[in-house]
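Subject: Structure for you to look at

Hello,

Here is the structure I said I would pass on. Please open it and keep it beside this message while you read.

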Amino acid sequence: MSAQRAVGIDFGTTNSVIAVPGGEHGSELVTFASPDGEAAIFRSALCFWEEDARSGGLGHAAGPWAVAEYLDFPLGCRFVQSFKSVAANPAFEQASLFDRRLRFEEVGQIFLRHLLAHAGGQLADLPDRIIVGRPVRYVGARPDPALARQRYNAMFALLGRPVQYVYEPIGAAYGFAARLGQPTTLLVADFGGGTSDFSIMRVEAPGTPRRCTALSSAGIGIAGDRFDYRIMDNLVLPMLGKGGSYRSFDKILEIPGGHFSDFGDWSRLALMRNRKTMEALTRLQRSALDPDAIGRMIAVIEHEQGYPLYEAVGALKRSLSMADHAAFHFDGPDLRIDAEVRRSEFEQWIAPDLAQIAATVDMVLARAGLQAEQIDHVFLTGGSSLIPAVRQLFEQRFGSSQIESGNELTSIAHGLALIGQDADVEEWIAPEEDMA
């Protein structure tokens, strides 16, 4: 490994992490200022508000500061999270923020400026080698990887350095390989907020000139955000009118699902409070057979309850990773929900998603020309890897003794920084074309 200075950036759907060379294992995490002290995890979120008439323009904050600003003044803010999820979406052109329209790369550059500022002097002198993680497959039914690459390039142009992209699970695999002391065939499963990505790597013994070789990668746009939406769809949306009906002249029709689709996408939910949307919902309320349900949906949007609603969803998901049942509680203007949820119910809700994840694991094995029994180690990383049903999927396929985990939120950044120091870094760079 060369002495090349490098920065590894894990720009995540939910959180972002940066690592630089140093420390006991060859890379160490950058820490960011936050309202509660320093932390290595920076929330991938933004909060926007209108400045007063004298200054004009938009005010904004990012990370935990965005959360704090939103909680202080929710009705005067727009809270935007998981904006990475629209990177490959051709239908997304601009985010409407008060009277401004911002493209993906403009939102991304605002986020990066805050990220660098809260890192203090740790990133004041960026090296020439910057390695950024990217999903194997982007989120969306028909993601456009070329569009995502174009938007990423425009976003990271702010850094003023050439940027190279590496598949996120390759980053995690490279970091994990540094721990191994014997030849190993390694499968890494990275569960982020927007995507689940998989890579298989052959790791040779320490001291071997070419120690690591990537064998295959595959991914799917299903992960933590989709699991959150399953909870929303089953516990919350029925109380907001989903599955209900409305009267159209002399016909009774089911309320179209499009009225609720924005509740499954953080990038759209936070932007629903606009005149066009509110007028459409008001018309729907007048014709709905259950107008109170539509009124509750309007209240959630008008009172900017998206953030606390998804916080309650996330809290339930985390609780069900540790217990067989847990309470879901939400108390907002005109909407209160108290429900007891069994883990088995949640697993039933996400069963179709787990089946697609399992099929993608089969795909990465087939691309490597390997059977499950030929995998020596399976490294699970990312927040959703803590969900018992996700872990069970891998234990059934590969055996519980083969499964390892840890550093769920930081392993990718560590590995990206190590790859940046590798003299053979070019072999790890993701191709322009989509492999998923």
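Below are notes on the overall fold and then on the largest pocket.

This is a predicted model, in which local features need pLDDT of at least 70 and side-chain atom pairs count only at pLDDT 80 or more, while totals for chains, interfaces and linings use all residues. Residues are numbered from 1 along each chain as its sequence is written, and side-chain values use heavy atoms, with hydrogens and water left out.

Overall fold

The protein chain has 14 helices and 22 strands (DSSP runs, H or I of at least four residues for helices and E of at least two for strands, numbered from the N terminus). Its radius of gyration, taken over C-alpha atoms, is 22 Å, close to the 22 Å that the globule rule (2.2 Å times the number of residues to the power 0.38) gives for 436 residues, so the chain is as compact as a globular protein of that length. The C-alpha trace spans about 75 × 55 × 40 Å along its principal axes. Of the 436 residues, 53% are buried, meaning under 20% relative accessible area with a 1.4 Å probe, protein chains only.

Largest pocket

Helix α10 gives the largest share of the lining, five residues.

Regards

Conventions
Buried means under 20% relative accessible area, exposed over 50%, partly exposed in between (1.4 Å probe, protein chains only).
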